[in-house]
Structure formats: C-alpha cells, structure tokens
Amino acid sequence: LPWQAALGCRAAQVLMQYCILANHYWFLVEAVYLYKLLIGAVFSEKNYYRLYLYLGWGTPVVFVVPWMAAKYLKENADQGGGAGLRVPLPCLPSQINLLIFMRILKVILAKLRANQKGYADYKLRLAKATLTLIPLFGIHEVVFIFATDEQTTGILRYVKVFFTLFLNSFQGFLVAVLYCFANKEVKSEMKKKWQLWKLDH
C-alpha cells in the first residue's frame, strides 16, 4: 500500500538521521574519554560509563525528535512539502571534538618536549599522534561540516562527496587497525591465543 511505503521511507529517514548524529556523538564520547585519561578525571569513576551511554545514544534523540515533529507538521501544512527542512547538523559534537583534539595535541607536545632527550624524533611522534587522532575523533568531518550541498557546486561538490564517503566508509576500519590491531597488548593477546590454538590442534 502507498501509505505503508511512505511510512517506511519516513522511518528509514529518521533512523538514518539518528544514526548519523549518534556516530558524531560517539566521536565526542571517545574524545572525552581520551581527554579524561590524559588530563585527569572529568567525571567520577562511579557514573561516567552511564553518562557516556546517555551522551552517545541519548543526545541524538534530543535533536531528531523535534526535527521529525517539525518535518511532519510542515509536510502536512504544505501538503507534501517540508523537503527544504534541513536535517539536524552534527556541528556541536564536531566543534567540541576539535577543541578537545587541539587540547590533547597541546598536552602531547608538552610531554614530548619535556622528554626531548629521550625522544629525539618528537616532531615525528607528534605528527603520528595527530594523524591517529583524526579518524578517532572524526576531525575530518569539520572540514566539510559548513559546506552544505546547496553551497558546494562543481568540482568542490565531487571532492566533498568523495572524501565524506571514503573517510566515513573506512573510519571504523582505520580506528580498529590503529587502536586495536596495532596495539601491543592486543597483539600479544592474539599471539597467545594463536599459540594456544596451535597447541590444541
């Protein structure tokens, strides 16, 4: 039935917007968690985990539900309009992530400079830290966040679409490689499991 198809499309659109926002707020959770580890306790150990869950999964609801209601009312008032109603933009978490990112880089630079004798290649280490934090915090999103589809035309639009799709598609893979599979502790555990498996078989 046509109304069921329309309802399914609307539900899919709402779910997509929720997932996009949840993705950005989980970037923020990762940034806050790393900031907490590097600089000190931001929240007490007792309640930070629940706060992270609320921030990652709950905050997008605060933006998506009013957007969904406004879009529904506008579509009914305009008799099928509401197409121009913009989706909730993830500006806030991206901007906070950028600030935390710069603060963490400042701390890393200070620590590397303090141990400059021990780390002669501290500039290379800083560059490595910067490059590894970019996918974790979703800093690449900041580049195109204010360049909307209406503002970008021609080659710039193709560049935006390519980088957005490419980085978003491989972001989970990059984070997994950098923070999981390249981690010494994870590699040693995997090596132990592999050796145990070989002994069993």
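Start by selecting residues 25-44, 51-73, 85-105, 126-147 and 159-182: an unreviewed UniProt entry lists them under "transmembrane region". UniProt positions follow the numbering used here, feature names are shortened, and such annotations may be inferred rather than shown by experiment.

A quick word on the model: it is predicted, so local features need pLDDT of at least 70 and side-chain atom pairs count only at pLDDT 80 or more, while totals for chains, interfaces and linings use all residues. Numbering runs from 1 along each chain as its sequence is written, and side-chain values use heavy atoms, leaving out hydrogens and water.

Now zoom out and colour by secondary structure. You'll find 7 helices and 0 strands; helices (H or I, at least four residues) and strands (E, at least two) are DSSP runs, numbered from the N terminus.

Next, pick residues 51-73: the span is 100% helix, with its end C-alpha atoms 32 Å apart. Hop over to residues 159-182, which are 96% helix, with end C-alpha atoms 30 Å apart.

Then select helix H3, residues 91-114. At 1.5 Å a residue (the expected span is 1.5 Å times one less than the number of residues), its 24 residues should span 34 Å, and the 35 Å between its end C-alpha atoms agrees. Show side chains here: the buried ones include Asn97, Phe101, Ile104 and Ile108. Buried means under 20% relative accessible area (1.4 Å probe, protein chains only).

Finally, select everything: 27% of the 201 residues count as buried.

Definitions and conventions:
Buried < 20%, exposed > 50% of the residue type's maximum accessible area, 1.4 Å probe, protein only.
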